[in-house]
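Dear colleague,

Please find the structure below, followed by an account of what was found in it. I would ask you to keep it open while you read.

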Amino acid sequence: MENDQSAMNELHWLIDMVQTIDVGLVVLDRNNDIQLWNGFMENHSGVSPNSIKGKNLFETFPKLPADWLKQKMQSVYLLKNRTFISWEQRPYVFEFKNYRPITGRADFMYQNITLLPLASLTGIHHICIIVYDVTDIAVNKLQLKGANEQLELLSQTDGLTQLHNRRHWQECMEHEFERFNRYADIASLVMIDIDNFKQINDKYGHPAGDKVIQHIAHLLKNALRETDCAGRYGGEEFSAVLAKTNATDALQFTERLRTQIEASEVSYKDQKIKVTVSLGINALHSGMGSSSSWLSGADKALYQAKQMGRNKSVIYTDEQE
Ligand SMILES: Nc1nc2c(ncn2[C@@H]2O[C@H](COP(=O)(O)OP(=O)(O)OP(=O)(O)O)[C@@H](O)[C@H]2O)c(=O)[nH]1
């Protein structure tokens, strides 16, 4: 008698705990009809246990990913083993709003889900869906991921021009060299240097010089294609890899850019500043041993453009050695 009383008490406590625990609990039979729907599920869905008992889960919640969830449940019945679904795989299964004050930025509740096979004397005929609210963890992790991506981008970007900084451009260029070299593809490397830049700094001041650098970077960015990779190589020096571009086409590109820069002017305070650039081109060819020889060829062509009086584009040839 005492044992019966104690067992009854335990059952009551268990029911109380199931109803009040801050975790969602749903029990489904083989037809996916709802046998248990606890307080957590009621609070977040607005549907009471009494009104939903015996109803089909997928008919009551048509937004659920039915095919996907049924497949998961099928494997639980088959393997007689629990399965887990992380918010990283699928942010949520039940579309519940997020009311948490700290993580107010998430519109919905991120969920981890466990599908638990429930055994009876005659086998497994029910499954329990356990729903954990992991919004705080998910939002923190996503914020951290976002901040890290932002940091990575900052570490790769030149602050003045928003082009790739030298280190990142060099990585990009080496990667392109490997890729184009392996598939015997064509590509050209271009080095660009502002002419007599020291004089611009001396005459108009350093902030005006900075504005000139930004102006050239802007024109360069606009002239490039999505697949081209450009960077600020040094103070007043820029570099670009033009994908799928031979020397002749690269020369067309540099001449267009050069004449555009020559025709433009930079307004600084009430002054108009005119600038020109010199450009060196080196097209990739078989037998080019390394990315550094690709780069140094373009540098030599640039040097020659300077020697020839500046405001010129020059294609690298072996004679420049
Ligand atoms: N305003 C500004 N000036 C810079 C920056 N980085 C480098 N410089 C300046 O750029 C100038 C480069 O001068 P030089 O290397 O002598 O070359 P140049 O005067 O352009 O002459 P050529 O290249 O031979 O046509 C130096 O005076 C540097 O101080 C920068 O970020 N901002």
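Leaving aside its neighbours within four places in sequence, which residues is I216 in contact with? They are I194, F238, I261 and V277; two residues are in contact if their C-beta atoms, placed from the backbone, lie within 7 Å.

Two remarks on the source come before the rest. This is a predicted model, in which local features need pLDDT of at least 70 and side-chain atom pairs count only at pLDDT 80 or more, while totals for chains, interfaces and linings use all residues. Residues are numbered from 1 along each chain as its sequence is written.

The nonpolar cores

I216 also belongs to the largest nonpolar core, which has 42 residues; V190, I216, I281 and A298 touch the most other members. A nonpolar core is a set of buried Ala, Val, Leu, Ile, Met, Phe, Trp, Tyr and Cys residues joined through C-beta atoms within 7 Å. A second, separate core has 20 residues, including L28, M41, V93 and M109. In soluble globular proteins, nonpolar side chains tend to be buried together.

Helix α9 covers residues 206-223, 18 residues in total. (Helices, H or I of at least four residues, and strands, E of at least two, are DSSP runs numbered from the N terminus.) From its first C-alpha to its last, α9 reaches 26 Å, close to the 26 Å expected at 1.5 Å a residue; the expected span is 1.5 Å times one less than the number of residues. Its buried residues are G209, V212, I213, H215, I216, A217 and L220. A residue is buried if 20 or more other C-beta atoms lie within 10 Å of its own, exposed if 12 or fewer, and partly exposed in between, with C-beta atoms placed from the backbone.

The ligand is surrounded by 16 residues, of which D195, F197, K198, G209 and G235 are the closest; a residue counts as near if its C-beta atom, placed from the backbone, lies within 6 Å. The largest share of this shell, four residues, comes from α9. β6 (187-194), α8 (197-204) and α9 each supply at least two residues. By type, the shell divides into four nonpolar, five polar and seven charged residues.

Paired strands

The antiparallel pairing of β4 with strand β5 (residues 123-133) runs over 10 bridges; two strands pair if DSSP finds at least two bridges between them. Within this pairing, the bridge partner of A119 in β5 is I124, and that of L118 is H126. Strand β3 (residues 83-85) is joined to β4 (residues 111-120) by three bridges, and the two run antiparallel. There, F84 stands opposite T114 in β4. β1 and β5 also pair in the antiparallel sense, over six bridges, with G24 opposite V131.

Two loop residues

N32 is not a glycine, yet its phi is positive, about 65°. N32 lies in the loop between β1 (24-29) and β2 (34-37), and counts as partly exposed because it has 18 C-beta neighbours inside 10 Å.

How values were computed. Nonpolar A, V, L, I, M, F, W, Y, C, P; charged D, E, K, R; others polar.
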